[in-house]
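Let's take a walk through this structure together. Have the view open and follow along.

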2 protein chains.
Amino acid sequence: MPFVIFHNKADQKPLSEEARIKIGLLTNAEILDISTLNNNSLVPATEVIKKVIPPSAYLKPSLFEGMIRPKDLVLLVTPIDSEAPEGRMILPQQMAIRDVLDQDALCLVVKETELQDVFDRGLKPALVVTDSQAFGMVSKIVPEDIPLTGFSVLFARIRANFDLYLKGTHKLSELKTGDRVLILESCSHHVSCDDIGRVKLPKWISEFSGKGIQFDVVAGQDPIPGSMTDYALVVQCGVCVVTQKQLAGRLKPAVEAGIPVTNYGLSIAYMNGVFDRAVAPLSLKTTEQ
Amino acid sequence: MPFVIFHNKADQKPLSEEARIKIGLLTNAEILDISTLNNNSLVPATEVIKKVIPPSAYLKPSLFEGMIRPKDLVLLVTPIDSEAPEGRMILPQQMAIRDVLDQDALCLVVKETELQDVFDRGLKPALVVTDSQAFGMVSKIVPEDIPLTGFSVLFARIRANFDLYLKGTHKLSELKTGDRVLILESCSHHVSCDDIGRVKLPKWISEFSGKGIQFDVVAGQDPIPGSMTDYALVVQCGVCVVTQKQLAGRLKPAVEAGIPVTNYGLSIAYMNGVFDRAVAPLSLKTTEQ
């Protein structure tokens, strides 16, 4: 674990040369004389901290980085169902709106029921992002020449295991009767996750595969029942609330056991026949990174 | 204080006729036999509660009600400054986006730096709403024939004292040297409020009036220093975080003392010479209500 050493109250008494030498015998960590009464300490203190922590700790990845340009019109399709918080937008939608603005682009937000009106007005967005649950309807309305992806696909790209997801999703076509599918929810507080993970996804996967599939749903940090090798596929939720590191840790047993992994959004896109389309807008990053 | 009487565990033993008669001698309140084990109790229980509480307790007022129609394009101008929460939208903006969607309209969100691009694209929004701090810049870019108002003007309309605000704002033109202005912030946690209330508004009001004005800033539920009659004007913040009732209570002493009251957004609109324009989109409601 990297660390730095701050000697505070330098305004009262600076760290002696003798103390510096003694500390130097124990560690190579950087030593900084600071005073919290003195604003001048803030910049050098931040700089030494930055030197020892990974950039991912302070650089937030951008959802749209490399995908949109300034002044682009970006269209977000955000169905409002009974599970949406009253009078607000859910976090992934909020984060996407903010990221579009941070990229100096224009952000158009509509429900799926007003999506057709966007095109009736002659607007041609540079990119459309939809709630993954609406992939089926949205992909029929958005003209083929306009890039389309999903919120959870965007989040999957900036989190972890995206390349594994891309490969793992195809397993949905190979499921056999008796296969077990593990559905992992990261949040334990979000009602709509229950709904998608516990009801809709098992139903959709069963219908899509046409096979008798068993499902286990595990929320938050709950233990996985049985052995990871019991599962034919792991489907991870959109993980709007956990860090990249938490997600990587959560999926590590599956990855190490060679079990295909995918996520909600990519699965739904795949089962709606729009997997290639939903992934295409991200290909710049995934191939060039 | 209106109330209703629930007799629970009706599944075990219904309320006796004798008990009903005894209660009836004490109060006319409605009595309902319920069982929390029985979902059938939920609807009638909700109905009797609704009968005795004011509709404002369960009907959330809409920011845009009566101002926009389904399929309208509504443009929100949301500057992102250093005080904005990282990766998110501030609450009033979130609430406005959601309300536009709830009205089946299309919501375009841009920073003030991309506002010109909206019109360069030939788009003609039915309504433009701006962060009040950007009224000066935004009112110059938005063509005169497009209705323009501010987030805090919208919030003022659905909260309380809007008619008083409309009258009180003009006091800004009549301030005299030595006058005291009371600035009321409702939130105590929101950094940007500090900034507007403590720094920008006093500066703007001083410049606009050209007089030597004294300012007191009071946050949250802190007591008002001295007597309300010491003040020539009260300027209330946008109050995104308090209820209509809390706001009415907060302003009551000023209203009763006949002190002019206004709010941040209307004041900023007024001092930028766009008061009439910012109020015009709301006139339907304020005159017909």
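Buried area is the accessible area (1.4 Å probe) that two parts lose on being put together, summed over both. Between chain A and chain B that comes to about 3,000 Å², with carbon and sulfur atoms giving 56% of it. On the chain A side, A:Arg98, A:Leu101 and A:Leu106 supply 21% of the area buried against chain B, more than any other three residues.

Before going on, a word on the ground rules. This is a predicted model, where local features need pLDDT of at least 70 and side-chain atom pairs count only at pLDDT 80 or more, while totals for chains, interfaces and linings use all residues. Residues are numbered from 1 along each chain as its sequence is written, chains are lettered from A in the order in which they are written, and side-chain values use heavy atoms, leaving out hydrogens and water.

Now, how do the two copies sit?

Salt bridges pair a side-chain nitrogen of Lys or Arg with a carboxyl oxygen of Asp or Glu within 4 Å. Four of them cross the interface of chain A and chain B. A:Asp117 and B:Lys71 form a salt bridge through their side chains, at 3.0 Å from N to O.
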